[in-house]
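Please walk through the model below, from the fold of one chain to the contact between two chains.

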Amino acid sequence: MLSALLGRKMGMTQVFGPNGGAIPVTVIEAGPCTVTQVKSTASDGYEAVQLGFGTAKLKNTPRPMLGHLGHTLQATPSQRRRQQLQQQKARQEARKKAAEAAQTTEAATETEADEAETTGASAPKGEPRIKSAAAKRRAGSGQALGPFAVLREVGVVGGDYPDVGDVVDAAMFAVGERVDVIGTSKGKGFAGVMKRHGFHGGPRTHGQSDRARAPGSIGPGTTPGRVLKGTRMAGRMGNDRVTIKELEIVQADAERNLIAVKGSIPGPNGGLVMIRKGSQVLAAAARGAERSYRGG
Amino acid sequence: MSVATLVRAVEEAQLREDRPQIDPGDSVRVHLKVVEGTRERIQIFEGLVIRLRGDGLRRAFTVRRIGAHNVGVERSFLLHSPQIDKIEIVRHNVVRRKNLYYMRGLTGKAARLKERRD
């Protein structure tokens, strides 16, 4: 079983609960994701599945990524130019040799002319080297996938591996289930201690000036004579990986690839998020696998 | 799919088709479902719509009425709330503002509104 799925935050709204109260929900477009690689302990030292999500333009996708996804790579302009030059050179040499052979008819034998012909024919026929390398890689995976906007690795629990090319979607989540949502929070820039760490700031009245949002003392004096490491100060805030745990799924629609979770999740609308099954679900799946392993 | 379509898809199922179009300045009777123990009864809140905001399932309005001892009472409702049985429009009044907060400062004769004829 896959432990997580990739998605996009679509925005917040509210729905009415069973007793008529409004529940705040975040709508997430969850999947569909394509399995692009299956990692195993034998080949990679750990178990994971790489998922591709979203679409990207072929021309904007790096060639190494296309190779990884099993695409046939066209020669680049510079490679094509080099091939043309090589072919041209080979033709010129062949012609030169043929001319030499024709001039010195008495010295030239039939075999020499044959030799010139074969070298002339074999050189331009050479396929671009990169194509053969891609073909070799393709032999392992089978089909060309994507290209995708993002590739991310997710864990697997309890055996049951998917194959490369399999598509996973929101059907893996059910209403009432608990999930963790992982995303990148909105960047706040250089923020002061009140916003960043929730400090209270200084007094605003009684003759104070310039103290309303100041951090106050940052430590003792001569002993230790330095500021302790980890002292909370102003600085860059946000744009961090944030995990919100145990959110309840209020709505799930596999057809539209959407799920709605109760509460807020990190990042802007349209931001990439990972929806991971809740710790209890994962633990249960892991236990199930252990039991079947012991049984078998 | 676009952001708006997906968010709307979540709300769709709960949107109530039977809600009338209400405007600021309307006098309305809101029939509320009130649960008392195991019994459910209907309570009516009648007053003037002084505010209308939000979109889709989040559309909400505020009703102001004058309660006992001339105390103004305001209550906000979600238009599509399942707790509202039905909404009756008593009359449309002529108002020139979207939010009728100025009604809070008016009492008695000054708080009268002209009925809309259209």
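This is a predicted model: local features need pLDDT of at least 70, side-chain atom pairs count only at pLDDT 80 or more; totals for chains, interfaces and linings use all residues.

Residues are numbered from 1 along each chain as its sequence is written, chains are lettered from A and ligands numbered from 1 in the order in which they are written, and side-chain values use heavy atoms, with hydrogens and water left out.

Chain A has seven helices and twelve strands; helices (H or I, at least four residues) and strands (E, at least two) are DSSP runs, numbered from the N terminus. Of the 296 residues in chain A, 32% are buried, where buried means under 20% relative accessible area, exposed over 50% and partly exposed in between (1.4 Å probe, protein chains only). Contacts (heavy atoms within 4.5 Å) in chain A between residues at least 6 apart in sequence join, in 73% of cases, residues at least 24 apart.

Helix H3 of chain A covers residues 77–103. Its 27 residues should span 39 Å at 1.5 Å a residue, and the end C-alpha atoms are 39 Å apart, which agrees. The expected span is 1.5 Å times one less than the number of residues in the helix. Within H3(A), A:Gln79, A:Ala90 and A:Ala94 are buried. An α-helix has 3.6 residues a turn, so residues three or four places apart point the same way.

Next comes the interface. The contact takes 18 residues from chain A and 17 residues from chain B. Between the two chains about 1,500 Å² is buried, and carbon and sulfur atoms give 66% of that area. Buried area here is the accessible area (1.4 Å probe) that two parts lose on being put together, summed over both. On the side of chain B, the residues that lose the most area to chain A are B:Leu6, B:Val10 and B:Gln14, together 35% of what that side buries.

How many residue pairs are in polar contact across the interface of chain B and chain A? The rule finds four, both residues at pLDDT 80 or more. A polar contact is a pair of N or O atoms within 3.5 Å; within protein, one must be able to donate a hydrogen and the other to accept it, and residues adjacent in sequence count only if both atoms are side-chain atoms. Helix H1 (residues 3–12) of chain B gives the most to the side that touches chain A, with seven residues.

A:Asp180 is in strand E7 (residues 178–184) and A:Arg276 in strand E12 (residues 272–277) of chain A, 96 residues apart. A:Asp180 counts as buried because its relative accessibility is 3%, whereas A:Arg276 is partly exposed at 23%.

Between chain B and chain A the count is one salt bridge. B:Glu12 forms this bridge with A:Arg256, the closest N and O atoms being 3.4 Å apart. B:Glu12 is partly exposed at 44% relative accessibility, and A:Arg256 is partly exposed at 31%.

In chain B, the side chains of B:Glu74 and B:Arg104 meet in a salt bridge at 2.7 Å, N to O. B:Glu74 lies in strand E4 (residues 72–78) and B:Arg104 in the segment after strand E5 (84–91) of chain B, so the pair ties together parts 30 residues apart in sequence.

Note on methods:
A salt bridge is a side-chain nitrogen of Lys or Arg within 4 Å of a carboxyl oxygen of Asp or Glu.
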